[in-house]
Amino acid sequence: MALLEVEDVVAGYGAGPDILTGLSVTIEEGTSYCIVGPNGAGKSTLLRAIAGFLKPRAGEVRLDGVLMNGSRPDQMLAAGICFVPQDASLFPMMTVRENLAMGGYLVNDRALLRQRMDMVYETFPILAERRGQNAGTLSGGEQQMVTLGRALMIEPRVVMIDEPSLGLAPMIADQIFEKIRGFGALGITVVLVEQNAVKGLENVDWGIVLDLGSKDFEGPADGILADPRIRELYLGKTMSKGMT
Amino acid sequence: MAVVEEREGLLGESPFRKPGTRSRRVTLIVALGLVLFFPLIAIPLFDSYAYVLQVGMLMLMWIAMSSSWNIIGGFAGYISLGHGVFFAIGGYAAGLALAHWGISPFLFLPFAGLAAMAVGFLAGLITLRTRGPAFIVATIAMLFLFLLWFDNWEFIGASSGLDLPFLQFPVQWLKVPFYYAMALCAIGAVYLAYRVAHSKFGLGLRAISQDETKAEVAGINTRWYKVWAFALSAFFIGVAGAIYGYSLTHLRPLTFFAIAVAARMVLMAIIGGRGTVAGPVVGAILIIGVNEFAVRQFGESELNIVFTGLILVLALLFFPQGIVGSLRKSGRLPAFLDWD
Amino acid sequence: MAHWLQILVLGLLLGGVYAMMASGLTLLFGVMRVVNLAHAAFILIASYMTYALFEGLTLDPMISLFVTMPLMFGLGVGLYLLLFPRLEESPRYVEMTVLLTFGLALIVEGLLTFTFTGTFRSVRPEYASTSIMIGDLFVPTSQLYASLISFALLILLWVFLRFTKTGTAIRATMQNRAAAQIVGVNVRRISALSFGLGMSLAGAAGSLLSFMFPFFPARHWQWIALLLALIVLGGMGSIKGAVIGALLLAVASAFVTDLVGPTWSPITFYLTLFLILMVRPQGLFGAKVRL
C-alpha cells in the first residue's frame, strides 16, 4: 500500500478559485520526489492541502489508506507528515536550541529529544556552533538548516519541503540539497517542491510535473532530465529562469 | 478589484447600459420628494409634530455622518473611531461664531464644514502615517486628546459648555428650519459620496482598501488620496455638528465627543454595507428607526448602548458585508439601491 | 529632592499595576493579533464583581482575586471560542477584531450601567485609607499592596511563559503563528488559553483597581486609552515592552500631575500614544511585530 495517496483533490484559498483542480499523486515509502511546474501550477497548494493547512474542497488525502481530510496541521504532524514552508518559518526571538526543541513539541520523551538534538547537531555542525544564538540573527542558509533540523526532531515519515533553495546562493543551496539527500538514509521520505526544476530533479528519484492544478506527467527524475522533449515542454521556462 | 469586477459583470448582462437606471431615477425623485415634503406630510401628526420632525432630522443627520465616514472608512478601508472630533469642530465653530459675532449658524454652515475639513486634513496628515489597527488606535487617541482639550478650554466654556441664544422662530415650527438645514446636509453628503464613488479618486481609494502596496505600485499617490479622503469625510460631519449643536442651544464637549457618536457612524455604515453609497443611508434609517421604536416601547435606558454593541457584534460575525453588500454579492440587490 | 523621590515612588507603584493591566492586553495582541478594545471594560467587570463581593460578603478585595481571576479566565475562553474562530477567515481579521471588541465594550458598559447605575463606586477596605511612612517617603497602603500583587503576578506570568511547555508554545505562537502550527502547536487551543490568561489578568487588575480608584461604567474608555498608550510604547505584543512602557509612562504622568495638575495628566498618555504611532508605528521595542 502506498504511504500517501492524494486522489482527485480540489483546493483553493478563501472564496478564491480552485488552485488544485482534481489532482492525484501517490507517494511511496523510501522514494524521494520533486514536484515541478510553472508558477501557479499549485505546487505549494498541494503541500498545504496534504499538511492540513488547507482543507480540500473535494477529493481524498489518505495516509496508509486512512482518510485524513480535514485534519488539523498538528494532527497531520502527529501522524508523521512534516511540512517545511518556503519562508524559513522560525521563532526569531528564540535561540537555535529552543527552535529545535520546539520541533519536538509533540514529543514528550525528554531523553529521546536530547538524543535527536545531538543527531541534528551532528548532521548540521553549524547549528551546534550557533545553538545559543537567536534564530532571527542567522543567515538565510543557516535559517533553512534550522527548519530542516527542526523537522528531524519529530522523525517524520514524510517531510515535504517547499522551495528549499529560495533566496539562497547556489553554493549554499547545494549544501542544503546535500543534507536533504541524506534524509533518505534516515528512513524519511522526501517530497520537494522546487522552482529550479533541474536542481530539484537532480536530487530526487522521481519527478512529478504539475500544470494548472493537475498532474501533467510523472516519471523517474533522471529520465525527465535526459529527455530533451520533456525538458523543453515542461521545464523550458523554469530552466531558463533557473539559469539566469 | 472585486467591486470593479462585479460592475463589469452587471454590465455584461445588459449589452446596452446598466439596467435599473430608470428605477434609480424614480427612487431618487421619490426620496427627495419625501425628504422635501415630510414637514408638510407630518402636519396632521400635530400632537407630536416636533417629535416626528426631530426624528426626521436625526435620521438625516446620521445619513450625512455615516455617508461621510464611509468615504474614509468604507471606500479607503481606514476605520476611524475618532470622527466625533469633526462633529465637535463643526458644532463649536458655528456656536462660537453665533455667541461671539452673532452670525447665524445657518449662514455659517459652509465654514463649519471647512473648519472640520481643515482639522481633518491636519489630523489626517498625522494619523494616516499608520495603518490597520494602529490607525484605529491613533484615531481614538485623537478623539481623547481633543476631548481633553475642549474639556479644559475656558474660552469655549470647558466641560460645563457653551450656551447659545435661541433661534427666533414660532415655537411650533421651530424644528422646521433645522430639519431643512439637515436635509441639505444629508443630500450634500450622499451626493459627495456618490461623486467620490464614481470618480477616479474613488477608484483609487478602493484600490487602497484592497491592497495598498499594489495601489502604490500602480502609481496612485496613496498618501494624498488618504489624506484628502479623510478631509472630505470631515466636511459634512462638521456641517451636521453645526446644525445639531444649534438645535440643542447648549454645547457640551461630551455631546460631540462621546465614543457612542463615533460608534454609531461606524455601525450604520457596517450594517448598511461598508464601501457602498446606499449602505450608510440604509443603515442610518434602520438604526434610527429601530432605536426610536425601542425608546418609545421600552423607554430610554442603558440597554440602548447594549443593543448598539450587540448589533455591531452580530453584524460583524454574520453579516460583515452589510445589507447592501450582501444583497449585491448574492445578486439580489434591487436596482434602486444600486448606486455604485 | 525628597519630593521628586516621592513622586518617583508613587509613579512606580502605580506603574506596577498598569504593567499588569497592559501585559494582558499585549498578550492578546501578541498571540492572536487582537487589539482588544474591551480589555478595560472587562477589567471593570471584575471591579464590579469585587464591589459586589465586598458589599455583600465583606470579602477583602485582595481575596476576591481568587474569584475574579478564574471567572474571567472562563469568560475569556468562552468568548474566544464563541466569537473569534468565525472571524479567522476574514481577510480583514485585525480590523474586524477591533470593531468586534469595540462592540463588546459597548455591551459591557451598557450592562454594567444597567446593573449598577452610572454613579461612582469604590471599594473601601481598611487599608484603602491608611498609609505607611518609609523614612520620609509617604506610601499609601492600598497602592503598595496592589503594586506588590501586580509584580507577583507578573513574575508568575514570566515563569509560566518561560519555563512551561504551554508557556513556550504561547511564546512561539506570538513570534510566528505559522511556524507554531508547523511544529504541531494547536494554535486555536493556545489562543483560547491566552485569551483566558489575558482576561484573568484583567480580572486581577479589576479587583486591585477597585480599591485604588473610584469607578463608573464609562470609565473604561479612559483606561483603554491609557493601556493602548502603554502597549504601543512598549511595542505591541511585547510583554517586556509593556512593563517598561507602563513604568515609564506612570512615572511621567506622576511628574506631569505634580507640575501642571491632575487635569492634564491623562494627556501624557494620549500624546505619547499619538506621537509614538507617528514616529514609530511599530512601537519602541517591538521591531518585529507588524501592525
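This is a tour of a predicted model, moving from its chain interfaces to selected residues.

Residues are numbered from 1 along each chain as its sequence is written, and chains are lettered from A, with ligands numbered from 1, in the order in which they are written.

**Stop 1: the chains**

Colour by chain. Two pairs of chains touch, and the most contacts (heavy atoms within 4.5 Å) are between chains B and C. Chain A and chain B have no contact, and their closest C-alpha atoms lie 11 Å apart.

**Stop 2: chain B against chain C**

Select chains B and C. Here 40 residues of chain B are in contact with 38 residues of chain C. The buried area (the accessible area, with a 1.4 Å probe, that two parts lose on being put together, summed over both) is about 3800 Å², and carbon and sulfur atoms give 85% of it. Show B:Pro133, B:Phe144 and B:Leu317, which supply 15% of the area that chain B buries against chain C, more than any other three residues.

On the side of chain B that touches chain C, α5 (105–127), α6 (132–151), α8, α12 (259–272) and α14 (303–318) each supply at least two residues. The largest share, 12 residues, comes from α6(B). By class, this side has 28 nonpolar, nine polar and three charged residues. Nonpolar here means Ala, Val, Leu, Ile, Met, Phe, Trp, Tyr, Cys and Pro; charged means Asp, Glu, Lys and Arg; the others, Gly among them, are polar.

Centre on B:Ser209 in helix α8 (residues 200–210) of chain B. B:Ser209 is buried, at 14% relative accessible area (buried is under 20%, exposed over 50%, partly exposed in between; 1.4 Å probe, protein chains only). Apart from neighbours within four places in sequence, B:Ser209 contacts B:Phe75, B:Ala76, B:Gly77 and C:Arg92.

**Stop 3: chain A against chain C**

Select chains A and C. The contact takes 22 residues from chain A and 19 from chain C. Between them the two chains bury about 1800 Å², 63% of it on carbon and sulfur atoms. A:Phe91, A:Met94 and A:Tyr105 supply 31% of the area that chain A buries against chain C, more than any other three residues.

Two salt bridges cross this interface. Zoom to A:Glu98: its side chain meets that of C:Arg171 at 3.7 Å, N to O, and that of C:Arg162 at 3.3 Å, N to O. C:Arg162 lies in helix α5 (residues 141–163) of chain C and A:Glu98 in helix α3 of chain A, so the pair joins two chains. C:Arg162 is partly exposed at 33%, whereas A:Glu98 is buried at 17%.

**Stop 4: salt bridges within chains**

Over all chains, the search finds 18 salt bridges. Select A:Arg116 and A:Glu155, whose closest N and O atoms are 3.6 Å apart. A:Arg116 is in helix α4 (residues 110–123) and A:Glu155 in the loop between α6 (140–152) and β7, so the pair ties together parts 39 residues apart in sequence.

Next, show B:Arg131 and B:Glu212, which meet at 3.7 Å, N to O. B:Arg131 is partly exposed, with a relative accessible area of 41%, and B:Glu212 is buried, with 9%.

**Stop 5: backbone and cysteines**

Go to A:Asp8, in strand β1 (residues 4–11) of chain A. A:Asp8 has a positive phi of about 50° although it is not a glycine. A:Glu163 also has a positive phi of about 50° and is not a glycine; A:Glu163 lies in the loop between β7 (158–162) and α7 (170–182) of chain A.

Finish at the cysteines. The whole structure has zero disulfides (pairs of cysteine sulfur atoms within 2.5 Å). The sulfur of A:Cys34 is 17 Å from the closest cysteine sulfur, in A:Cys82, too far for a bond.

Notes:
This is a predicted model: local features need pLDDT of at least 70, side-chain atom pairs count only at pLDDT 80 or more; totals for chains, interfaces and linings use all residues. Side-chain values use heavy atoms; hydrogens and water are left out. A salt bridge is a side-chain nitrogen of Lys or Arg within 4 Å of a carboxyl oxygen of Asp or Glu. Helices (H or I, at least four residues) and strands (E, at least two) are DSSP runs, numbered from the N terminus.
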